[in-house]
Amino acid sequence: MVTDDIFLELHTLIERFDREQIYILTDSNAATHCVPVLMEELSDLGAPFIQKLRDHTFILPAGEEHKTLDSVCRIWDFLISQHATRQALLLNLGGGMITDIGGFAASCYQRGIPFVNIPTTLLAIVDASEGAKTGFDYHGLKNQIGLFREALETIVYPPFLKTLPREQFLSGFAEMLKHALIASPLEWDRILALDIDRLYRHPDERLKEEFSAILTRSLDIKRYFYEIDPEEKDMRKTLNFGHTIGHAIESRLIERGEPQPHGYCVLWGMIAELYISHAQLGFPSQHLAQLVQIAKEYYGGILFSCKDYDRLIALMRHDKKNNGGQINFTLLRNIGNPFINRTADDELIREALDYLFSI
Ligand SMILES: NC(=O)c1ccc[n+]([C@@H]2O[C@H](COP(=O)([O-])OP(=O)(O)OC[C@H]3O[C@@H](n4cnc5c(N)ncnc54)[C@H](O)[C@@H]3O)[C@@H](O)[C@H]2O)c1
Ligand SMILES: [Zn+2]
C-alpha cells in the first residue's frame, strides 16, 4: 500500500510481532539514505527499540553483482548470529535487489519466516516488491534460483524516492509506462501528460498527488495480472511486454561491460516489440512514435550493430519464459489490448532491432 505515514503502518505491524525479533535487511545506499529516515520515523517507539533495530540491521553492498548465493548465506549467518527464531520478521528496505534476495533468504530461513518489503526505488515499488517472485542470480544467470513467496505486506513510502538518482527514477518510470500501455488509452494519456523533469526535480503538491494516483493505478494494474495467474502460466505473461527483447539487450550490455538500468532496457524492448506489434497486429504507429519520443527525450537511444543481432536473438531464445524453442512475446494490437504467447520470425525481429537502433 502507498502511505504517507510509515510510522502508522510499521507500528501496527510491529505490534503483531515480538519486538526483539525484528530484523532489517538493506544495502549500502539505502543504509545511507533510507535507514536514518526510517529510524527517525520510528523514534516514538523508544530509544531501546531503535537501538535494537540498529543492532538487527544487516547491510549488503549495493549492486546487482551482490545478488548472489554468497549474500544469501551472509544473511542467514547474520540471522543465526543474532539468534533469530521462527517468530522473527524481516524488513527488506531497499531496491529490487534487496526485496528479491531478502524475500528468498526469509522464505528458507528455518523453513520460512515472514518478510515485509519496503521498496526504496521506483522500480522496486512498481515491479519488484509485489508479486511474490524472490530469488538471486546464479552463475551469471539472472534470477536463476528462487521461490514464489508473497511478502506479508508491502509498504510504499514515496518520500524515500527523494534521494534516488535520476536514471534510477527513469528506470522505474519505464515500468509505469509499460503498465499504462497494457492497461488502457486512459492510463496512457494520463502518464503522457506528466512533466517528468519537474516531477523528478521539484514537484509541487498537485504534481506529487497526480504522480501518487498514477503510481497507485500502476500497482493495481500489476496486481490484476499477477493475482489472476500467480505462477505465470498465462495472463501474468502480459506483464512481460517489452521484456523479451529488453532482457536480451540487458544481458548483451552486461556481456559488453556496459550495463544499463533494467527499465531502460525494457523501454528499448517495448519500442522493438511495438514495432513487431505494428507489423503483426496493426498496432497504431502514432503510439509507437509517442514512445520513441519519450525515449529520445529522456532515455536516449542505444547503439548496437547488426553484428550483435545473432547474439541478441540467441539470448531471446534462451529466455526461461520460452516454451519449445520458440521466442515468446507479449504483443499489443492497441493500447490496452495485449496478446500473450505470440512469436515472430527472425527476419521481423531483425527489422525491429534495425528500427530501434536507428531512432
Ligand atoms: N521480483 C520481481 O518481480 C522483480 C521485478 C523486477 C525487477 N526485479 C529485480 O529488481 C532488481 C532491480 O531493482 P532496482 O532497480 O531497484 O535495483 P537495486 O536494488 O540494485 O537499486 C538500484 C540502485 O539504487 C540504490 N538505491 C536504493 N534505494 C535508494 C534511495 N532511496 N536513494 C538512493 N539510492 C537508492 C541501490 O543501492 C542501487 O544502487 C533486479 O535484481 C531485478 O531482477 C525483481
Ligand atoms: Zn521489468
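Predicted model: local features only at pLDDT ≥ 70, side-chain atom pairs only at ≥ 80, totals over all residues.

**Entry: α13 against α14**

With that cut-off I went to α13 and α14. From α13 I get Tyr-264, Leu-267, Met-270, Ile-271, Leu-274, Tyr-275 and His-278, and they meet Ser-285, Leu-288, Leu-291, Val-292, Ala-295 and Tyr-299 in α14. I sorted this contact by class and found eleven nonpolar residues, two polar and no charged. Helix α14 covers residues 285-299, and its axis is 10 Å from that of α13, at an angle of about 160°. Angles over 145 degrees count as roughly antiparallel, so I log α13 as roughly antiparallel to α14. I note the crossing of the pair as left-handed.

**Entry: α12 against α13**

Next I looked at the other pairing on my list for α13. Helix α12 is residues 243-255 and helix α13 is residues 262-281; their axes come within 7 Å and cross at roughly 130°. That angle makes α12 oblique to α13. I put the crossing down as right-handed. On the α12 side I find His-243, Thr-244, Ile-245, Gly-246, Ile-249 and Glu-250, while α13 brings His-262, Cys-265, Val-266, Trp-268, Gly-269, Ala-272 and Glu-273. By class I have six nonpolar, five polar and two charged residues in this contact.

**Entry: α8 against α11**

Then I turned to α8 and helix α11 (residues 205-228). Their axes cross at roughly 65° and come within 9 Å. This crossing I log as left-handed. The contact is made by Met-176, His-179 and Ala-183 of α8, with Ile-214, Ser-218, Ile-221 and Lys-222 of α11. I sort these into four nonpolar, two polar and one charged.

**Entry: the two domains**

Stepping back, I looked up the domain assignment, which gives domain 1 (6-163) and domain 2 (166-357). I get 28 Å between their centres, taken over C-alpha atoms. Domain 1 puts twelve residues into the contact and domain 2 puts in 19. On the side of domain 1 that touches domain 2, α7 gives the most, with five residues.

**Entry: ligand 1**

Where does ligand 1 lie relative to domain 1 and domain 2? I checked who supplies the shell: both domains give residues to it, so ligand 1 lies between them. I find 31 residues around ligand 1, and the closest are Asn-29, Ala-62, Gly-95, Gly-96 and Met-97. For elements that give two or more residues to the shell, I wrote down α2 (28-33), α6 (96-108), α7 (122-128), β6 (141-148) and α8 (166-183). Two of these names were already in my notes: α7 from the domain contact and α8 from its crossing with α11.

Notes. Residues numbered from 1 in each chain as written. Chains lettered and ligands numbered in written order. Near = placed C-beta within 6 Å. Helix = DSSP H or I, 4+ residues; strand = E, 2+ residues; numbered from the N terminus. Domains from an automatic or database assignment. Axes fitted to C-alpha atoms, helices over the stretch in contact; angles between N-to-C directions. Parallel < 35°, antiparallel > 145°, perpendicular 65-115°, else oblique. Left-handed = near helix turned anticlockwise from the far one by under 90°. Contact = placed C-beta atoms within 7 Å. Nonpolar A, V, L, I, M, F, W, Y, C, P; charged D, E, K, R; others polar.
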